[in-house]
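I want to keep a notebook on this structure, going from the place where the chains touch to the way each chain is built. I will write down each term with its cut-offs when I first need it.

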Amino acid sequence: MVAVRSEPIDVAGIIRDLSSPGAGGTAVFLGTVRNHSHGRKVHHLEYSSYVPMAEKLMADLEEEILRRWVVHKTIMVHRIGPLGLGEVSVAVGVSAPHRKEAFEACRFAIDQIKSTVPIWKKEYSDDGPVWVGSEQTGDTPGMNA
Amino acid sequence: MISIQVKFFGPVRDIVGADELTMSLPDQCTGEALLQTLMNRHPRLGEWSSSLRLAVNLEYAHIGRVLEDADEVSFIPPVSGG
């Protein structure tokens, strides 16, 4: 299951939906809004997305995971709109017979989401709004996940 | 002539000042030529041009792709989800 939506992410519901009688391990990654970035104090974030393309690429990722790893279920949900500090911006979960596959597939999914899926983060700090990704600093402190 | 829909997101949307435009283009127009047309109208897009990726009908495509009538096109700035 993949989704990009503005409603808060229901983490308990995701864990419930990942359950499977054959699962021996479930890995869940949560990205949350951090209070600082590049030395700036962040007040809140605003995410936007090219939703149909993002959901298509996430569905492609899901298919790729099912081809490459022995897993039962995968869930990827990204939130858009304004988010306050500490809120969950993205959740990725994988249930599998064994933990190795669950961890690997979960890591693959969040890495791919961050590098290819058309979602953008605008940070609001004391210095005003900044599109993350517009500053080529060479490291990744602007990313919250 | 072909008619396409161009969608704008993130910093590109801020520069263009619109979510989407319907544009008439000559036959055989490429993604690269469309980007040049947009940069002529919105010179600040030039700051981004080297980092924009073409998307056609919800898939990444080579910038030299020849556009077709009714295509949905976007120039994707560096993504920052997560």
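**Entry 1: where the chains touch**

I began with the contacts between the chains and found that 14 residues of chain B are in contact with 24 residues of chain A, where two residues are in contact if their C-beta atoms, placed from the backbone, lie within 7 Å. On the side of chain B that touches chain A, α1 (10-16) and β5 of chain B each supply at least two residues; helices (H or I, at least four residues) and strands (E, at least two) are DSSP runs, numbered from the N terminus. I then sorted the residues of that side of chain B by type and noted eight nonpolar, five polar and one charged. For this sorting, Ala, Val, Leu, Ile, Met, Phe, Trp, Tyr, Cys and Pro count as nonpolar, Asp, Glu, Lys and Arg as charged, and the others, Gly among them, as polar.

Before going on I noted that this is a predicted model, in which local features need pLDDT of at least 70 and side-chain atom pairs count only at pLDDT 80 or more, while totals for chains, interfaces and linings use all residues. Residues are numbered from 1 along each chain as its sequence is written, and chains are lettered from A and ligands numbered from 1 in the order in which they are written.

**Entry 2: chain B as a whole**

I listed two helices and five strands in chain B, and from the N terminus on its elements run β-α-β-α-β-β-β. The radius of gyration of chain B is 12 Å, close to the 12 Å that the globule rule gives for 82 residues, so chain B is as compact as a globular protein of that length. This radius is taken over C-alpha atoms, and the globule rule is 2.2 Å times the number of residues to the power 0.38. Of the 82 residues of chain B, 33% count as buried, a residue being buried if 20 or more other C-beta atoms lie within 10 Å of its own, exposed if 12 or fewer, and partly exposed in between, with C-beta atoms placed from the backbone.

The five strands of chain B form an open sheet with mixed pairing, in the order β2-β1-β5-β3-β4; two strands pair if DSSP finds at least two bridges between them. The edge strands are β2 and β4 (59-60) of chain B, each of which pairs on one side only. I checked β3(B) and β4(B), which run antiparallel and are joined by two bridges, and there A55(B) has Y60(B) in β4(B) as its bridge partner.

Which residues of helix α2 (residues 31-41) of chain B are buried? I found G31(B), L34(B), L35(B) and L38(B). They lie on the same side of α2(B), because they cover an arc of only 100° around the axis, the arc being that of the directions from the helix axis to the C-beta atoms. The buried residues of α2(B) pack against β2 (20-25), β3 (53-56) and β5 (72-76) of chain B.

**Entry 3: chain A and its four-stranded sheet**

For chain A I wrote down three helices and nine strands. Its radius of gyration is 16 Å, close to the 15 Å that the globule rule gives for 145 residues, so chain A is as compact as a globular protein of that length. Buried residues make up 38% of the 145 residues in chain A.

Four strands of chain A form an open sheet in the order β1-β5-β7-β2, again with mixed pairing, and its edge strands are β1 (2-5) and β2 (25-32) of chain A. Inside this sheet, β5 (residues 73-79) and β7 (residues 88-96) of chain A pair in the antiparallel sense over six bridges, and V77(A) has A91(A) in β7(A) as its bridge partner. Helix α2 (residues 51-68) of chain A packs on the sheet and touches β1 and β5 of chain A. Helix α3 (residues 99-116) of chain A also packs on the sheet, touching β2, β5 and β7 of chain A.

**Entry 4: strand β8 of chain A**

Seven bridges join β8(A) to the antiparallel strand β4 (residues 40-49) of chain A, and L45(A) has E123(A) in β8(A) as its bridge partner. Four bridges join β8(A) to β9 (residues 128-131) of chain A, also antiparallel, and these two strands form a hairpin with two residues between them.

Key: Axes are lines fitted to C-alpha atoms, for helices over the stretch in contact, and angles run from 0 to 180 degrees between N-to-C directions.
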